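Morning, everyone. I have one structure to show you today. Let me put it up.

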Amino acid sequence: MSTDSTFSTLTVMMDGPRGDIRLNRPDKLNAISDTMLHELVEAAHFCDARSEIKVVVISGAGRSFSAGADVTMIDAPVESTSAARSLTQRRHPTAEAGSQMADAIEGMEAVTVCQLHGHCVGGGAVLASACDIRVAAEGTVFSIPELFLGIPLAWGGIPRLVRDVGAAKTKELVMTGRRFGAAEAAAAGLVNRVVPEERLEEEVRLLVDSLLDKSMFTLGATKRYVNAVAEHMVDLKRAWNDAHSLEAALRDPESRAARISYLERFRTDHQRSD
Ligand code: COA
């Protein structure tokens, strides 16, 4: 087993044909910061550069897979200051970086297995849906709370969810932002398999072993074929609209009020002064 130590928000490990990318901000429930978005792209390239890696497991350290986008990146401009105006006049960097992250993970050469536990929120669910196979612990709680934050679901999340769970379910989950459990996620098609909490790592290991039995060529050919067919069904390029609607939401007064109120509640709950 070797660990690459160039990443600050991830632990990236290699053990022969198995790679591991572990989100590693456990004190923040692996909230996905700008740095983590960029490092996920780098980690995908790191694994792609090592042709011996057949399967990569993507997981989260600590008590959750991921609490979604780091809310400090989404923080609301309070008044229409020049800084706020410049934020709304350019393409939102997080929307771009989020889509690039999801595309890089989805485009990886290796088969990706997402190991889910604890909370899987918003951008964390986008990351999971960019993986080929998803295994969740029974207690995993999913939610897509972006609309509470007064922003649309970006990062290419909408077309991926439509592909995985269908249009009506996507609308319901995103528009309500309600929490749902692993059983519902499996029934909807967002996860492949639900396993007892204490068996999660072992079940993922068994799944990985069953994949490692197969040739890289046939795994890769199957992945590319399925992705090509799925892309034909739901064009992921439709995510182009992400950055524009995020910018528009930042300018929309009602959305901005929702965002300020959500972030104030979040800060109060965590007694933040920043
Ligand atoms: N961004 C930044 N920090 C986050 C975070 C996020 N999305 N989610 C959690 N954290 C931090 C908390 O601030 C807290 O840090 P602190 O101890 O330094 O204050 C730590 O992670 C633990 O979070 P906490 O809320 O105490 O855990 P919990 O188990 O009570 O609640 C959640 C878990 C996921 C329900 C809750 O953290 C939450 O709602 N997070 C925000 C989710 C969100 O809005 N994501 C963005 C949308 S994509």
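I'll take the sheet, then the salt bridges, then one surface patch.

This is a predicted model, where local features need pLDDT of at least 70, side-chain atom pairs count only at pLDDT 80 or more, and totals for chains, interfaces and linings use all residues. Residues are numbered from 1 along each chain as its sequence is written, and side-chain values use heavy atoms, with hydrogens and water left out.

Sheet. It is open, with seven strands in the order E1-E2-E3-E4-E5-E7-E10 and mixed pairing. Strands are DSSP runs of E, at least two residues, and helices are runs of H or I, at least four, numbered from the N terminus. Two strands pair if DSSP finds at least two bridges between them. E1 (2–4) and E10 (193–195) are the edges; each has a single partner strand, so one side of each lacks a neighbour in the sheet. E1 pairs with E2 (residues 10–15), antiparallel, over three bridges. There, Asp4 sits opposite Val12.

Salt bridges. How many does a search of the whole structure find? It finds 14. The criterion is a side-chain nitrogen of Lys or Arg within 4 Å of a carboxyl oxygen of Asp or Glu. Take Glu106 and Arg160, at 2.7 Å, N to O. Glu106 is in helix H4 and Arg160 in helix H6, 54 residues apart. Both are buried, meaning under 20% relative accessible area; exposed is over 50%, partly exposed in between (1.4 Å probe, protein chains only). Glu106 and Arg160 also belong to a salt-bridge network with Asp103, Arg134, Arg163 and Asp164. Arg178 and Glu172 form another bridge, at 2.7 Å. Arg178 is partly exposed at 28%, Glu172 likewise at 29%.

Last, Met233. It lies in helix H10 (residues 216–233) and counts as exposed, at 64% relative accessibility.
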